[in-house]
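The chain is shown first.

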Amino acid sequence: MSSQLLAFGRRQPLEPKVLNVGRLIQGMDDMLRRSLGEEIEVETVVSGGLWNTAVDPTQIENAVLNLAINARDAMDGPGRLAIETGNAYLDDAYVRNQHDVTSGQYVLLAVTDTGCGMTEEVLAQVFEPFFSTKPEGKGTGLGLSMVYGFVKQSGGHVKIYSEPGHGTTVRLYLPRSHAAIEDAHEIELAPTRGGSETILVAEDDGDVRAAAVEMLTALGYRVLKSRDAASALAIIDSGVEIDLLFTDVVMPGPLRSTDLVRKAKERQPGIAVLFTSGYTENAIVHGGRLDAGVELLGKPYSHEALGRKVRHVIANQQQRNVALALRKTSARPPQVGGSAQSAGTAQPLPVSVLLVEDDELIRVNTADMLRPHSRVVLEAASAEQALQALQAKPVDVLITDLGMPDDRGENVAARARSLNPSIALVFATGSEEMNVLPAGAVLLRKPFDEHALAAALRSAVAHRPAVEPTMTGSPPEGTSR
């Protein structure tokens, strides 16, 4: 108990080491499953390209175990525990309203349960030592206070999101360390790009709504706002064209956010949708509260994160609209850019292409556009499928989206280049401009048509590195040596 009190008082002797929290969490899997029992389903999600942090490994393990035990007790029977890691940025706008937090880059560790949740009164006291909602003799009341003290002593930040009946998410923000960076394949991203589209923000928290409107307006968007789903639907029913509906997952009133989205799509089929929530992405998706393929931005979000996600969601919807137009006309896709020259005038390239895109409609449509210009087109819906395909059969060209549910496109590209240094690379994205590209790589911005896609393919093949592939066996047909 003395060590826990020292942790709360931020006076315990720490031995920080530069480490990858994702690897540490994965190493705790067996211990967590034994501690929680068979009734609790444990899900661990580690984001690709995770930054390093300098923390005491023993203390971070104790913190995770404490949070997991608290979650088990809150679920009081069968339930699901999600532990997730990712990169995060806390900007000036966020830290202004927080105590003892500095803006900057952090490694996020989030623990989410499907338990009973907490009221606002309980949330206000959870970090106090000896405070506990458990029966007498069932706990010391020092678990969360210990976690809080350790994270703050490490220069980090703790945020809890909880609602009665909706479970709890505890988010630990640990400062990023630039020491001993192992991933040499990170791609430098340019500043966030805005737009001129119309965005409807549906958010019941007045401060959060005002901040979102301010950030989106600064990026050039036309922004409308509502405090609940019913008023958001009234705006849509007024006839104004909405490009993106940006809505919180849980809002007051009889109309749920999922029903709002369904009705919005009935009225405006081409509308893009972005959810936001204090709960972590995988916890919400796998909890069944949102449909598969949902786009979600976790709270708190930075100006950069909001700008990139909004641009990505709008661009992906525009690409889906291109595909839907093709389906309706049963013709070649409408032009949205590129050369006026017919895409079919050039001879197909004798190359095999691996297309990586998690959106099924975009993937199928893009594959159809690629087939007249290449020998073979393989498809992958995730980074995992892409890596399996790369290891199973050599390909000449990799065309990949940057953002995918299980990893980043640049990490897939780095793995592809390690298998075949001469592979041609095309990054297809709607939101992220890259200042530095791998050698010979091409950036293809969404929405694109067949002309732009064919031009990117030919440019990538023409400028791929002139090096010998490292894989064994005969080169694939059509690959230049």
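## Chain and model

The secondary structure of the chain comes to 16 helices and 17 strands, taken as DSSP runs (helices H or I, at least four residues; strands E, at least two) and numbered from the N terminus. Of its 481 residues, 51% count as buried (under 20% relative accessible area, with exposed over 50% and partly exposed in between; 1.4 Å probe, protein chains only). Among contacts (heavy atoms within 4.5 Å) with a separation of 6 or more, 71% are between residues 24 or more positions apart.

The model is predicted: local features need pLDDT of at least 70 and side-chain atom pairs pLDDT 80 or more, while totals for chains, interfaces and linings use all residues. Residues are numbered from 1 along each chain as its sequence is written, and side-chain values use heavy atoms, with hydrogens and water left out.

## Helix H13

H13 is mostly covered, with 8 of its 11 residues buried. These are Leu361, Ile362, Arg363, Asn365, Thr366, Ala367, Met369 and Leu370. Their cover includes helix H12 (303–329), E13, strand E14 (376–380), E15 and helix H16 (450–462).

## Second largest cavity

The structure holds 4 cavities of 30 Å³ or more. On a 1 Å grid over the protein atoms alone, a cavity is a set of points where a 1.4 Å probe fits but cannot get out; a pocket is an open set with protein on both sides within 12 Å along at least five of seven lines; and lining residues have an atom within 4 Å of a point. Grid points are joined across faces, edges and corners, and a volume is the space filled by probe spheres set on the points.

The second largest cavity has a volume of about 40 Å³. Its lining consists of Leu355, Val356, Glu357, Ile362, Thr366, Ile399, Thr400, Asp401, Ala428, Lys446 and Phe448. Two or more of these residues come from each of strand E13 (352–356), helix H13 (360–370) and strand E15 (397–401); E15 has the largest share, 3 residues. By class the lining has 6 nonpolar, 2 polar and 3 charged residues, where Ala, Val, Leu, Ile, Met, Phe, Trp, Tyr, Cys and Pro count as nonpolar, Asp, Glu, Lys and Arg as charged, and the others, Gly among them, as polar.

## Second largest pocket

The second largest pocket has a volume of about 1,100 Å³. Of its 33 lining residues, Lys159, Tyr161, Asp205, Val208 and Lys299 are the closest to its centre.

Helix H5 (92–95), helix H6 (120–123), strand E6 (157–163) and helix H8 (206–218) each give two or more residues to the pocket lining, and H8 gives the most, with 6 residues. The pocket lining has 15 nonpolar, 6 polar and 12 charged residues.

The structure holds 1 aromatic pair (rings of Phe, Tyr and Trp, the last by its six-membered ring, with centres within 6.5 Å; planes under 30 degrees apart are stacked, over 60 edge-to-face, the rest tilted). The ring centres of Tyr106 and Tyr173 are 6.3 Å apart and their planes stand at 90°, so the pair is edge-to-face. Because Tyr106 lies in strand E5 (residues 104–113) and Tyr173 in strand E7 (residues 167–177), the pair ties together parts that are 67 residues apart in sequence. Both Tyr106 and Tyr173 are buried.

Thr169 is also placed in strand E7, and counts as buried at 0% relative accessibility. Its side chain is joined to that of Thr112 by a polar contact of 2.8 Å (a pair of N or O atoms within 3.5 Å; within protein, one must be able to donate a hydrogen and the other to accept it, and residues adjacent in sequence count only if both atoms are side-chain atoms).
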